[in-house]
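This report walks through the fold, from the order of its elements to single residues. Please keep the sequence and the coordinates in view.

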Amino acid sequence: GTGGRERLDAYHRMDATLTYNHRFADGSGVDVSFSVFNLLNRENVWYRTYDFNFDETRAIPRLNPVAVDVLDLGFQPSFKVQYSF
């Protein structure tokens, strides 16, 4: 078992990359790539941590721990163009 620890939700992420490479007769070349990270734009929980909120509803205010989900990278396109000589 997990010893009573809370598990994170299932993690699903799809990335896609298209690349094009061309070498010229003189040995130089060009590399182009286009990537999309988290293509399906799922809000995956990357990790869970704890933060504190200040509870002022009591006569003596106190800090209460609150679980906070830190989400994975959202939908993010990226590109690269490289010329080598």
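From the N terminus on, the elements of the protein run β-β-β-β-β. The count is 5 strands and 0 helices. The model is predicted.

**Overall dimensions**

The protein has a radius of gyration of 23 Å, whereas a compact globule of 85 residues would have one near 12 Å. Along the principal axes, the C-alpha atoms fill a box of roughly 80 × 35 × 20 Å. Of the 85 residues, 15% count as buried. The accessible surface comes to about 7,200 Å². Carbon and sulfur atoms hold 56% of that surface.

**Strand pairing**

Strands of a sheet pair through backbone hydrogen bonds, either parallel or antiparallel. The pairs in this protein are listed here.

| Strand pair | Bridges | Direction |
|---|---|---|
| strand 1 and strand 2 | 8 bridges | antiparallel |
| strand 2 and strand 5 | 9 bridges | antiparallel |
| strand 3 and strand 4 | 10 bridges | antiparallel |

An open sheet is built from 3 strands, in the order 1-2-5, with antiparallel pairing. Which are its edge strands? They are strand 1 and strand 5, and each pairs on one side only. Strand 5 covers residues 76-84. From one strand to the next, the twist averages 5°.

Strand 1 spans residues 16-23. Strand 2 spans residues 29-37. These two strands form a hairpin with 5 residues between them. In that hairpin, Gly-27 takes a positive phi near 95°. Ala-16 stands opposite Val-36 in strand 2.

Specific bridge partners can also be named on the side of strand 5. Phe-34 has Phe-79 as its bridge partner in strand 5. Ser-33 is bridged to Lys-80 in strand 5.

Leu-18 lies in strand 1. Is Leu-18 buried or exposed? Leu-18 counts as exposed because its relative accessibility is 63%, above the 50% cut-off. Setting aside neighbours within four places in sequence, Leu-18 is in contact with Val-32, Ser-33 and Phe-34. Two of these contact residues return from the bridges above: Ser-33 is the partner of Lys-80, and Phe-34 is the partner of Phe-79. Leu-18 and Asp-31 are 13 residues apart along the chain. Their C-alpha atoms are separated by 11 Å.

**The hairpin of strands 3 and 4**

Strand 3 covers residues 45-55, and strand 4 covers residues 62-71. The two form a hairpin with 6 residues between them. Phe-52 stands opposite Pro-65 in strand 4.

Asn-64 lies in strand 4. Why does Asn-64 count as buried? Its relative accessible area is 18%, and buried means under 20%. Which residues does Asn-64 touch? Not counting residues up to four places away in sequence, they are Asp-51, Phe-52, Asn-53 and Asp-55.

Leu-71 counts as partly exposed, because its relative accessibility is 40% and falls between the 20% and 50% cut-offs. Leu-71 touches Glu-43, Asn-44, Val-45 and Trp-46, again leaving out residues up to four places away in sequence. How far apart are Leu-71 and Phe-34? They are separated by 37 residues in sequence and by 23 Å in space, C-alpha to C-alpha.

**In brief**

The open sheet has the order 1-2-5. Strand 3 and strand 4 pair as a hairpin. Among the residues followed here, Leu-18 is exposed, Leu-71 is partly exposed and Asn-64 is buried.

Terms used:
Residues are numbered from 1 along each chain as its sequence is written. This is a predicted model: local features need pLDDT of at least 70, side-chain atom pairs count only at pLDDT 80 or more; totals for chains, interfaces and linings use all residues. Side-chain values use heavy atoms; hydrogens and water are left out. Helices (H or I, at least four residues) and strands (E, at least two) are DSSP runs, numbered from the N terminus. Buried means under 20% relative accessible area, exposed over 50%, partly exposed in between (1.4 Å probe, protein chains only). Contact means heavy atoms within 4.5 Å. Two strands pair if DSSP finds at least two bridges between them. Axes are lines fitted to C-alpha atoms, for helices over the stretch in contact, and angles run from 0 to 180 degrees between N-to-C directions. The radius of gyration is taken over C-alpha atoms; the globule rule is 2.2 Å times the number of residues to the power 0.38. Accessible areas come from the Shrake-Rupley method with a 1.4 Å probe; for residues, only the protein chains shown count as cover.
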